[in-house]
Amino acid sequence: LPKAAVEFEAAITGFEAAQRRRGAAATVADLARLRLEGGEYAAARKLADRAVREAERMRADPLLASALAVKARTRVAAGDPDAAIEIAKSGAAVVDRLFTGLGAAQAGTARETVAPVFEVGALAAVRIADATELSYFVESGRAGALMETLGVRERVARAAVPASLLAEREALRATEKAAATAYAATLAGDDLAATRRARSELDAVRAKGLDLAARIERATKREESWDHRGATLEEIQGHLTPGEAFVAFVLPHPDAAALVVTSTTARVVRLGLTSDVVAACEALHASDPDEDAAPALARLEEVVVKPLGLGAEITTLLLSPEGPLCYVPFSALLRGRDVVFVPSGTTLTYLLDSREAPGTQVLALGDPDYGASGSSAAGAVFGATRDGAPAPAPKPEVRGGRLVPLPETRVEAKAVGDVLLLGQEATEAGLRHAIATRPRWKAVHVACHGLVDRDRPELSALALTPSEADDGFLTAMEVVATSVPADIVVLSACETGTGKVRRGEGLSGLMRAFLAAGAPRVVCSLWKVDDEATRALMIRFYELWNPKDGSAPMSASLALRAAQERVRADPRWKHPYYWAAWVLWGLP
């Protein structure tokens, strides 16, 4: 630390000599963090105050938000959390100004850089056990990305997107398909250099696609404003019913905590050190059927469930996870209770306020015809191989990795669906056309391979049947640009509940895309799932949620829990690998 401090001070002197004020102010803020880490609280405070003054003089909002976060943390370290809260609120106000003119994907990335403002505010609120203040920082920081995406979808639907941008989008789709085909073709040979060149060209085309999507969003932003203010604690409470509890987990350094809210109460629960919570999450390997998950699950229950102090009257948990908690199968920890994930309390209130009349019939897609694409090459287009070398082939019964046929998904689709898209009909265009044939569906069920891009979650995809019009990969970015009017979307594929966990905001990927596209509920998976066990679970879920024998239907959350219990009761599938991957996001 002393050596680093000397280097930082030298850098500040150099920036000032060159009259590079922004560089100097940013380095002052970095030095303040360093002094704080070394326990030099008085020095850190002076440096943080200096960085704030310089950022204010330059009207450099990103730098100001960062400097205010450091300043607030110095107040926490000095034992003055109340002052830290006020400073962090000033930083939150600055953050609100930062995202004008940015597309949703760009804004999501940008928010990661200013997440410390909300983290330190949450930490200060935890220190004084103030539920109202903790709710403010959780919702202000966590609600932005999805609510912005929801706003983009509504604006794009209402606004007139310039014809030139629409034409560019169609041309780019054709270019992407050609690049993907060319890349896949190189994998059949031994020319590693050619494979790398083709992959580089494909990545460049996809980068252009992300840029174009942001340009379309910016064009619609000029037409309308969008209020994505976080919901207040009182608003969240007003949307909860007896028996429900909303739990928002927060993981600021060094103290982890949870905000536990019911219709009549709100309290802050400290969970110990954030590092201990993270370690407990990382110790769980429920996706490996050959590893005993019981010890790790018991440890997680001890760390993140028991401290919540949930009474028997709480039957439904609405969980807003953060960081590695996004990948924890809480259904294995909260047996006997319905478990639902929500991105934030704000999202919950939005979905509840936006409820529409129930849809009718189930549209089910299954058994896509991968044809020539049914090889390691097709999977490699979305990262199933590295450096041009084919990835190890997973077991054929696993819905992920190489695009081997999935005949069980045909059986599954026929069992649950009223309208079917199978084999050659299971294309992107076929799915879009079928969705548009009804004002609203009861369910849209997609059973296929899932491919996740953790670096660029907008490119995570469902692998459908390729056609002359498209490459068969329905990406999260394409889903957001579509309308999916359905009571529920079931993504019966591998890792559809994963993606990129953005700092301070949560999970971004296919799940969030379908919520943004109009579905108030999404069932998805946390890891690569067993084909036979998944078919059994899905069929049982629909028997309970959408019964055809005249019996009363269960809620989605209860039906999923009961279906998981049915699968778990089978001696072949007792391990959490076979049933605990499935999570419900949205409304219970």
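This is a predicted model: local features need pLDDT of at least 70, side-chain atom pairs count only at pLDDT 80 or more; totals for chains, interfaces and linings use all residues.

Biologist: How many residues of helix α14 are buried?

Modeller: Eight of its nine residues, in the range 345-353, are buried, so α14 is largely enclosed by the rest of the structure. Buried means under 20% relative accessible area, exposed over 50%, and partly exposed in between, with a 1.4 Å probe and protein chains only. Helices (H or I, at least four residues) and strands (E, at least two) are DSSP runs, numbered from the N terminus.

Biologist: Which residues of α14 are the buried ones?

Modeller: Among them are Gly345, Tyr350 and Leu352.

Biologist: Turning to strands, which strand does β6 pair with in the parallel sense over five bridges?

Modeller: Strand β6 (residues 360-368) pairs in that way with β8 (residues 441-447); two strands pair if DSSP finds at least two bridges between them. Threonine 360 has tryptophan 441 of β8 as its bridge partner. Five bridges also join β6 to the parallel strand β7 (residues 419-423), where valine 419 stands opposite leucine 363.

Biologist: And is β6 mostly covered or uncovered?

Modeller: Strand β6 is mostly covered, with seven of its nine residues buried.

Biologist: New topic: at what angle do α2 and α4 cross?

Modeller: The axes of α2 (residues 21-37) and α4 (residues 61-77) cross at roughly 20° and come within 10 Å. Axes are lines fitted to C-alpha atoms, for helices over the stretch in contact, and angles run from 0 to 180 degrees between N-to-C directions. The helices are therefore roughly parallel, a term for angles under 35 degrees.

Biologist: Which residues of α2 meet α4?

Modeller: They include Arg22, Ala29 and Leu36 in α2, and the residues they and others meet in α4 include Leu63 and Val70. Contact means heavy atoms within 4.5 Å.

Biologist: Is arginine 59 buried or exposed?

Modeller: Arginine 59 counts as exposed because its relative accessibility is 75%. Its phi is positive, near 55°.

Key: Residues are numbered from 1 along each chain as its sequence is written. Side-chain values use heavy atoms; hydrogens and water are left out. Angles under 35 degrees count as roughly parallel, over 145 as roughly antiparallel, 65 to 115 as roughly perpendicular and the rest as oblique.
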